[in-house]
Amino acid sequence: MYSEKFTESIKAVEAAREANIAYEPARMTAKEKEDLLAAYHPDYRKDQFTNLVIGPNKGEKVPHELAEMLQAGSRIKAEDVDLTSPDYDVDVLVIGGGGAGSSAAIEAHEAGAKVMIVTKLRIGDANTMMAEGGIQAADKPNDSPAIHFLDAFGGGHFAAKRELLSKLVCDAPEAIQWLNELGVEFDKAADGTMITTHGGGTSRKRMHAAKDYSGAEIMRTLRDEVLNRGIPVVDFTSAIEIILDDKGNAAGAVLMNMETGDLLVAKAKCVIIATGGAGRMHYQGFPTSNHYGATADGLVLGYRVGAKLLYADTLQYHPTGAAFPEQIFGALVTEKVRSLGAKLVNRDGKVFMHPLETRDVAAASIIRECSDRGEGVDTGNGEAVWLDTPMIEKIGGEGTIEKRIPAMMRMFGKYGIDIRKEPILVYPTLHYQNGGLDISADCMTTNVENLFVAGEAVGGIHGRNRLMGNSLLDIIVFGRSAGKSAAAKAKDVEVGALTLGHIAKFEAERAAAGITGDEVSPKLLPDYTHHRSES
Amino acid sequence: MEAMVNVFLFGKQYRVPEELTIMRAMEYAGYKLVRGCGCRNGFCGACATIYRIKGDRELKVCLACQTKVEEGMYVATLPFFPLVKEVYNIEEVKPTEQVMMQLYPEIYACVGCNACTKACTQGLNVMQYIAYAQRGEYEKCAEESFDCVMCGVCSSRCPAGISHPQVAMLARRLNGKYLAPKTEHLEDRVREIKDGTFNELIEALMQKSVEEMKELYNTREIEK
């Protein structure tokens, strides 16, 4: 149900469909990819970055919006908080109620630790819930963890920390097994064989899925398990400062009730930051596929107590965000649409790239098509290209879309677009924070003792770009690992006197560097309020 | 000038652009959301909403992030609903009819009014999946309920006090863990990794120079 202005272009797409299905576009060479990224990928736009002037990554570049939050003042002063009578006293404090935080809490609980989750919205309000396409694991006979390693390492531009990546790929099959034994459903054939597909940049079909609700299915099961175990979940409560002890080790967090503003103190032997991503920072003005609370809080919390960041200058723009209609602008159109056979097509019906290049390359290629090449479709809200979804029904047979990607069919169906019969318009959307806090293989930060990190807040697992399906995987692998490591570590921790001395120290650094703004962080939530209505 | 419509947020009138979703309209009017807003993309169920169009007798339901405003729309969001979530040990329960009788006996008090199905923001056949749960047909219940976002509107309309999303959650876990076929290749691979089958291969990759890795990557064979 597109308006008339799209008719001509849709006709071109339809006319070329049969030929486009048969056509196998060449993959780009390493050189072609490099040149394309340098010219069109948002990470390469120098004017969008600035160098940090204080903190452990001083001198390194990050997006303007992130620099502002990393170098902003605290929401509190030390004297606002009484640290002598904590409201909570636990072995392991998990900050964040997404897939990584929930996995960590379950494993810490399994190991006998007293664990609690604090989350600024509800448990499950997380990017995990919105992951659609699937989760990678090299569990087929023609595949191996080594091949998975090579795919991810190359896809991430050879920048991943190898000890983290090898853990990711080697623990992957067990992660799938763990989820399955918790009752997570996977798409399987009648004999139990996993139905797997390609993702961009994979050399084997190792994408496991639960239709296109893969993350939702994982998240709701993990949430159910957390509740079954009676793990305390303090919701609508954010962490706004890490508390250290007099030895300089992480020892808890200052919490803020999101509705009343009340401050609380949680004391802990170990702290796990599992706060997720940063899409709601809207870097470079991009729309985002992320949930409402994705504001890089964990990076800010860690940075202020001295934890180092790795690759905080690299973001992932998912090539296929919805570009039309406006109501779903920026929403994720899962890569699985391309895994199932849909190709990217320009205004004239021409296939302009292999549909399963890595995400950074695909995003840059779409941006080139819509800018210098002038082959984009004008949506009324910017340019876009077609993703020719009806190809899926022709390749996989009628009913494939309803069975394999029902969420996509529903999302567009609500606006009168039947993706079985009509192509959809897409443009890159801010999707994933490649960088984050620097950790070792046990998930502890490299320079703040007893501070652990898991999930999207970690930097270095994927390098400078991430393959589809490796994030759902990393939240499980590193979430579980962080929970186990923190529970084990907590047994030997004697917490010293609690202090918020780092706040004044950071404030002094700000002053010395001439930072005068009154911005505070972490951001917690974006502000979309207009106050413009007439009544 | 963009076309405007009149909406009534919790009964109070605002004029907002007609192309906005209900969620965006609330923000346009000046609400800073904390409750009732999660993924903003139709997956998390945080923004369950009940509405009525002026002059229409029928109550409608939707997700606020997925639905456009309309002229004369009276909106009440339902950011929380007290569902019953029973606690169980997934390792100890069995996929038999008895487990539902023990944990969620109220499902057998279903009066067949179908209000749940009419109230589903995802358009699911909720009463049907409850019927499957009553009969212990967990595979069917899991399939029928699969797209549930657990927003809870169904339960808010149920005269029998059933917590449909939690019933379905249990059914899906029983199906995923006990009823769906086992995956032999997964079990084999986990065992191989534990046995150290791939250690040498991985260790070799850990040692190679970036140049060697580039060569391997750029010439790797890609499965069709």
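Trainee: What percentage of the 224 residues of chain B count as buried?

Mentor: A residue is buried if 20 or more other C-beta atoms, placed from the backbone, lie within 10 Å of its own, exposed if 12 or fewer, and partly exposed in between. In chain B, 43% of the 224 residues are buried. This is a predicted model: local features need pLDDT of at least 70, side-chain atom pairs count only at pLDDT 80 or more, and totals for chains, interfaces and linings use all residues. Residues are numbered from 1 along each chain as its sequence is written, while chains are lettered from A and ligands numbered from 1 in the order in which they are written.

Trainee: Which residues of helix H8 of chain B are buried?

Mentor: Helices are DSSP runs of H or I with at least four residues, strands are E runs of at least two, and both are numbered from the N terminus. H8 of chain B spans residues 184-194, with B:Leu186, B:Arg189, B:Val190 and B:Ile193 buried. They lie on the same side of H8(B), because their arc around the axis is only 100°; the arc is that of the directions from the helix axis to the C-beta atoms. B:Glu184 and B:Arg191, on the other side, are exposed.

Trainee: What covers the buried residues of H8(B)?

Mentor: Contact means C-beta atoms, placed from the backbone, within 7 Å. By that rule the cover includes three helices of chain A: H6 (145-155), H7 (162-170) and H8 (172-182).

Trainee: Which residue with a positive phi follows H8(B)?

Mentor: B:Gly196, with phi near 85°.

Conventions: Two residues are in contact if their C-beta atoms, placed from the backbone, lie within 7 Å.
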